[in-house]
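Here are my comments on the structure you sent over. They are set out as numbered points, to be read with the coordinates open.

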Amino acid sequence: MGYASLGTQPSPAAFLPSLLARGRLHLRPSPLHVSPHLRKRTGKLGVLTIKAAHSGMSNVSVESPPDNEASVTGAAYSFSGATTSLTNEILTSSKKITLVRHGLSTWNAESRVQGSSNLSVLTETGGKQAEKCRAALTNMKFNVCFSSPISRAKSTAKIIWKGKEEPLIFLDSLKEAHLFFLEGMTNADAKREYPELYTRWREDPANFHVNGIYPIRKLWGTSREAWKEILLTPGENLLVVTHKSILRALICTALGLPPERFRSIDVNNGGMCVFTVNKRGEAILQALNMTAHMYSDHTYQY
């Protein structure tokens, strides 16, 4: 009940001419398996010329890409937008990046808008969460730790990095978004006193602006700067400790997502994300918001 008969569904091929005519479909070279029967008829291996009945399509060549030209991130041959380089230059080695959100802060606990304020500090619970992060990463060997210099992230990073000889580097590009006069206000007060502005911040953050400044759009540029600073640093296994909004921007820029997707990503206090990045600076998301260590003695090895 409620299921359409498969026999009534139009063939995907039926839509091909109209899609081509409207410019909605563009064919590119792609691997094609040719059956022995068809190979005999065409006389070619792996290459086939298609004649379309529709005037908008003719003589489309479909062939396997040369092995040395296939992208190292999924053989996305001839699709220039399939991957995004975060560095625009070749790296000396591939890298693994672990992103960590700071532990619970005072303003997290009080449901206040934090932004770039340094007045929100790590709570006792947040300190324990940082300790859990440290324990969860005990089997991991990191070359460098990067952190936001803002107090709650800085304190989290120092707890995680305690006892290590490798450098702990504070980057201004990892600071949280600046939210102007909303910072320090409870969410309830901000909603009551600035209803239109607060609603835009919550529901349309990409277009949230004060005095012509768009903090989230600006954050996208900042996150690209942060990625370059991080990835151009020597070392193959790097740790980053920062805030939720900049984490969202780091993840989205790595995946080629625009500021409009800001709230499509979430990372809990103490949550971890993992990227692998190849020598071209192309990132692959391996894990998002890992939190098993928050509720158990779980340790990670990757």
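1. Which residue of β6 is the bridge partner of cysteine 145? In this predicted model, the partner is leucine 239.

2. Strand β3 (residues 95-101) is joined to β6 by 6 bridges, and the two run parallel. Strand β4 (residues 144-147) also pairs with β6 in the parallel sense, over 4 bridges.

3. Is β6 buried or exposed? In strand β6 (residues 237-242), 6 of the 6 residues are buried, so the strand is largely enclosed by the rest of the structure. In a regular strand, side chains alternate between the two faces of the sheet. Here Asn237, Leu239 and Val241 point one way, while Leu238, Val240 and Thr242 point the other way. Both sets are buried, with the cut-off for that word being under 20% relative accessible area.

4. Helix α7 (residues 195-203) has Leu197, Tyr198 and Trp201 buried. Viewed down the axis of α7, the buried residues fall within an arc of 95°, so they line one face of the helix. An α-helix has 3.6 residues a turn, so residues three or four places apart point the same way. On the other side of α7, Glu196 and Glu203 are exposed.

5. What covers the buried residues of α7? The cover includes α6 (187-193), α8 (215-231) and α9 (244-255).

6. Helices α7 and α9 come up again at the largest pocket, where α3 (106-109), α7 and α9 each supply at least two residues of the lining. The largest share, 3 residues, comes from α9. The space in this pocket is about 450 Å³. Of its 26 lining residues, Arg101, Asn108, Gln114, Arg202 and Lys244 are the closest to the centre. By class, the lining of the largest pocket divides into 7 nonpolar, 10 polar and 9 charged residues.

7. The second largest pocket has a volume of about 230 Å³. Its lining consists of 13 residues, and those nearest the centre are Glu176, Ala177, His178, Lys218 and Thr222. The lining of the second largest pocket holds 5 nonpolar, 4 polar and 4 charged residues.

Methods: Residues numbered from 1 in each chain as written. Predicted model: local features only at pLDDT ≥ 70, side-chain atom pairs only at ≥ 80, totals over all residues. Heavy atoms only, no water. Buried < 20%, exposed > 50% of the residue type's maximum accessible area, 1.4 Å probe, protein only. Arc of directions from axis to C-beta. Contact = heavy atoms within 4.5 Å. Pairing = 2+ DSSP bridges. 1 Å grid on protein atoms, 1.4 Å probe; cavity = no way out; pocket = protein on both sides within 12 Å on 5 of 7 lines; lining within 4 Å. Points joined across faces, edges and corners; volume = space filled by probe spheres on them. Nonpolar A, V, L, I, M, F, W, Y, C, P; charged D, E, K, R; others polar.
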